Each structure stands twice: as structure tokens, then as C-alpha cells.
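Reader: I've got a new model to look over. Can you walk me through it?
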Amino acid sequence: MNNMPQLGLGTFRLQGQQAVDSVRNGLELGYRHIDTAQIYGNEAEVGQALEASGVPRREVFVTTKIWTEHLAGDKLIASLKDSLHKLRLEQVDLTLIHWPSPQNAVPVAESMQALREARDQGLSAAIGVSNFTNALLAQAIAAVGAASLATNQVELHPYLQNRSVAAFAREHGIHVTAYMPLAYGKVLADPVIAAIAQRLHATPAQVALAWSLAKGYAVIPSSTRRENLAANLKAPALVLAAEDIAAIDGLERGERLVSPDFAPVWD
Ligand SMILES: NC(=O)c1ccc[n+]([C@@H]2O[C@H](COP(=O)([O-])OP(=O)(O)OC[C@H]3O[C@@H](n4cnc5c(N)ncnc54)[C@H](OP(=O)(O)O)[C@@H]3O)[C@@H](O)[C@H]2O)c1
């Protein structure tokens with residue numbers, strides 16, 4: 001989607017004052033895309049920080065995600081209204097199905113149609129999915145059409161490049177958002193990434209983020225530290241040479257960090 005800033009601020013794990021501080025710092029530094037979710041338990045803190053920031057509403061892109069317990073057709077919209085209340089917003093910019101329904105208890109089509117209805121009611125400007133495999137994304141496309149799907153947000157970093165999922169989304173004109181783009185810090189100690197960073201006078205985090213951005217993915221790193229938030233925000237200015245991108249491509253090792261017991265069978 002064209003109005004989503006390609007670098008956003010993740011908020012998973014951030015609770016209470018730490019969530020408020022991270023979002024406040026992020027907005028002060030210039031982040032204009034915040035990623036939260038019902039299950040993170042911090043929508044109220046995100047809303048508080050957004051309101052206190054004084055940044056005009058139209059300048060910030062806010063994403064939330066519907067938890068698995070709210071995927072049924074008669075629950076989804078009420079849960080999104082509750083999220084909006086916590087976020088102190090009339091509309092979010094993007095709402096995602098956070099995970100496919102465990103054991104397919106709620107059919108994909110039912111959730112997608114409820115999500116489309118939420119969009120039609122103006123509760124969310126755009127809609128999409130997260131943690132969808134290619135087979136599930138095909139079901140979502142069949143339900144609401146590819147043009148209605150703004151993104152598939154998936155775990156993606158140099159150690160899990162998710163090439164099949166990215167290629168399938170691209171074929172259907174659906175944007176990929178890379179979550180956990182730093183592999184929760186794991187890729188920062190990688191010698192290949194560290195060497196590129198040293199040569200370019202950049203940080204390993206900037207190199208990892210620049211690699212995802214070069215592939216055309218949005219990235220949503222999180223940090224509790226203002227200096228890391230500031231440094232990460234500069235990643236889009238870092239242009240990697242083709243050889244450096246190829247060297248990072250070579251780091252793929254299928255290392256998935258997020259796979260709860262209700263996860264789908266991954267591609
Ligand atoms: N859709 C989903 O199912 C799903 C699942 C997981 C995550 N997500 C989203 O993706 C976001 C990002 O994932 P994540 O937060 O799990 O992991 P991440 O962004 O890959 O990594 C965050 C970790 O990296 C560290 N870090 C960040 N910038 C750094 C820097 N410049 N230098 C050194 N260390 C740095 C942070 O530590 P410090 O705090 O010390 O900086 C933190 O420990 C989440 O917050 C969430 O919004 C979505």
C-alpha cells in the first residue's frame with residue numbers, strides 16, 4: 001500500500017510505561033508508523049502516547065491486529081471497536097488478522113468478510129493478514145480479492161528469508177511486511193552483517209533493515225532504547241550494493257523464531 005511508511009515501530013512485549021515511552025520517543029524522533037495488536041495488551045498505552053505526542057492524526061499510520069479469539073463474524077467488529085476505544089482513534093490505518101484461526105475453527109472467508117465489513121464501516125482504512133501461508137493467503141484472496149489485501153505481515157529477516165511467501169505475495173500484488181526484522185537481535189552479531197556495517201560506517205541493525213527495505217518489504221523493528229530507535233530510523237538512507245545484498249541473501253538458514261503451537265504448517 002502506498003501510504004504506509006516503509007519503516008515502522010514495533011511494540012510487541014512493551015508494557016505499561018515502557019510502551020508509552022517507546023512510542024513517545026519514536027514519534028519524537030520521527031517514526032510515523034506504529035504497529036500494535038490486541039494481544040500485546042498495549043493499545044491503550046499506544047493511544048496515550050499518540051495523543052500526548054501532538055502529532056496530527058493523519059500523519060501517523062497505525063496498525064492493529066485482531067486476536068484469534070475475535071475472528072468469528074459476530075465478534076471481529078466489536079473487538080476492533082474496543083481496540084479503537086483503547087487507541088483513542090476513530091479509525092486505524094490497517095487492521096490485520098493476527099494469526100489464521102487455530103485448527104481452522106473460523107473459516108478464513110468468514111474473518112475476511114467481517115474485516116472487509118469493518119473497513120466498509122470506516123473502522124479501518126485498509127485490511128490485511130499476518131502469519132498467513134500461501135494456501136491461506138489464496139483463501140483470503142478468494143474471499144475478498146487481492147486488491148483488498150494491503151499486506152501479509154510475516155517473520156522475515158536474514159536467517160528466515162521466507163522467499164516462497166514473499167514471491168507468492170508479490171505475484172498477487174500484495175505487500176510484505178517483515179516482522180522481527182532483526183531476528184530479535186540475533187542477526188546483529190552475524191559476522192557477515194557486522195563486516196558490511198563496519199565498512200559502510202553503519203550499525204548491524206541498519207544493515208539488516210536496509211537489506212529488507214532493498215527487497216521492497218516494510219520493516220517494523222522495536223526498541224526500548226531511544227538511541228537504537230534513532231539509529232534504526234536512519235536505515236532507509238543506507239543503500240546496499242548488490243554484492244552486499246547477495247552476501248546477506250546467503251545467510252538464509254530457515255531459523256524461525258515465532259511458531260506457537262497453533263501456527264499453520266509453514267511454507
Ligand atoms: N504479526 C506477528 O505475529 C508478529 C510477531 C512478532 C513481532 N511482530 C511485530 O514486529 C515487531 C518487531 O519484532 P520484535 O520486536 O519481536 O523483534 P526485532 O525488532 O527483530 O528486535 C527487537 C530487539 O532488537 C533490539 N534492537 C533494536 N534495535 C537495535 C539496535 N539498533 N541495536 C541493537 N539492538 C537493537 C531490541 O533491544 P533494545 O530494546 O535494547 O533496543 C530488541 O531486543 C514487534 O514489536 C511487533 O510489532 C509481529
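Author: Start with the span of residues 7-251. Its end C-alpha atoms lie 22 Å apart, and the span is 44% helix and 16% strand. Keep in mind that this is a predicted model.

Reader: Where does the span 7-251 come from?
Author: UniProt lists residues 7-251 as "domain: NADP-dependent oxidoreductase", in an unreviewed entry.

Reader: OK, the sheet. What order do the strands have?
Author: The order is β1-β2-β3-β4-β5-β6-β7-β8, in an open sheet of eight strands with parallel pairing. β1 (9-10) and β8 (218-219) stand at the edges. Each has a single partner strand, so one side of each is left without a neighbour in the sheet.

Reader: Take β3. Buried or exposed?
Author: Buried. Six of the six residues of β3 are buried, so the strand is largely enclosed by the rest of the structure.

Reader: Which residues point which way from β3?
Author: F61, T63 and K65 point one way, and V62, T64 and I66 point the other way. In a regular strand, side chains alternate between the two faces of the sheet.

Reader: How many bridges does β3 make with β2, and how many with β4?
Author: β2 (residues 33-35) and β3 pair in the parallel sense over three bridges. I34 has V62 as its bridge partner in β3. The chain gets from β2 to β3 through α2, in a right-handed β-α-β crossover. β3 and β4 pair in parallel over four bridges. There, T63 has L94 of β4 as its bridge partner. The crossover from β3 through α3 to β4 is right-handed.

Reader: Let's do α3. What should its span be, at 1.5 Å a residue?
Author: 16 Å. Helix α3 (residues 76-87) has twelve residues, and its end C-alpha atoms are 16 Å apart, which agrees.

Reader: Which α3 residues are buried?
Author: L76, S79, L80, S83, L84 and L87 are buried in α3. They cover an arc of only 145° around the axis, which puts them on the same side of α3.

Reader: What do the buried residues of α3 pack against?
Author: They pack against α2 (43-53), β3 (61-66), β4, α4 and β5. The face turned away from the buried side carries the exposed residues A78 and H85.

Reader: And just after α3?
Author: R88 follows, with a positive phi of about 60°.

Reader: Switch to β5. How many of its residues are buried?
Author: Five of the seven residues of β5 (residues 124-130) are buried, so the strand is largely enclosed by the rest of the structure. β4 (residues 92-97) and β5 pair in the parallel sense over five bridges. The chain crosses from β4 to β5 through helix α4 (residues 108-120), and this β-α-β crossover is right-handed.

Reader: And β5 with β6?
Author: β5 and β6 (residues 149-155) are parallel, with three bridges. V129 stands opposite N152 in β6. Helix α5 (residues 134-144) carries the chain from β5 to β6, in a right-handed β-α-β crossover. I127 has L149 of β6 as its bridge partner.

Reader: Last one. Where is P181?
Author: P181 is in the loop between β7 (175-179) and α7 (191-200).

Reader: Why does P181 count as buried?
Author: Because P181 has 28 C-beta neighbours inside 10 Å. The cut-off for buried is 20 or more.

Reader: What does P181 touch, leaving out residues up to four places away in sequence?
Author: L156, H157, A208, L209, S212, V219, I220 and P221. The C-alpha atoms of P181 and S222 are separated by 9.1 Å, though the two residues are 41 residues apart along the chain.

Terms used. Residues are numbered from 1 along each chain as its sequence is written. This is a predicted model: local features need pLDDT of at least 70, side-chain atom pairs count only at pLDDT 80 or more; totals for chains, interfaces and linings use all residues. A residue is buried if 20 or more other C-beta atoms lie within 10 Å of its own, exposed if 12 or fewer, and partly exposed in between; C-beta atoms are placed from the backbone. Helices (H or I, at least four residues) and strands (E, at least two) are DSSP runs, numbered from the N terminus. Two strands pair if DSSP finds at least two bridges between them. A crossover is right-handed if, with the strands pointing away from the viewer, the path from the first strand over the helix to the second runs clockwise. UniProt positions are given in the numbering used here, feature names are shortened, and annotations may be inferred rather than shown by experiment. The expected span of a helix is 1.5 Å times one less than its number of residues. The arc is that of the directions from the helix axis to the C-beta atoms. Two residues are in contact if their C-beta atoms, placed from the backbone, lie within 7 Å.
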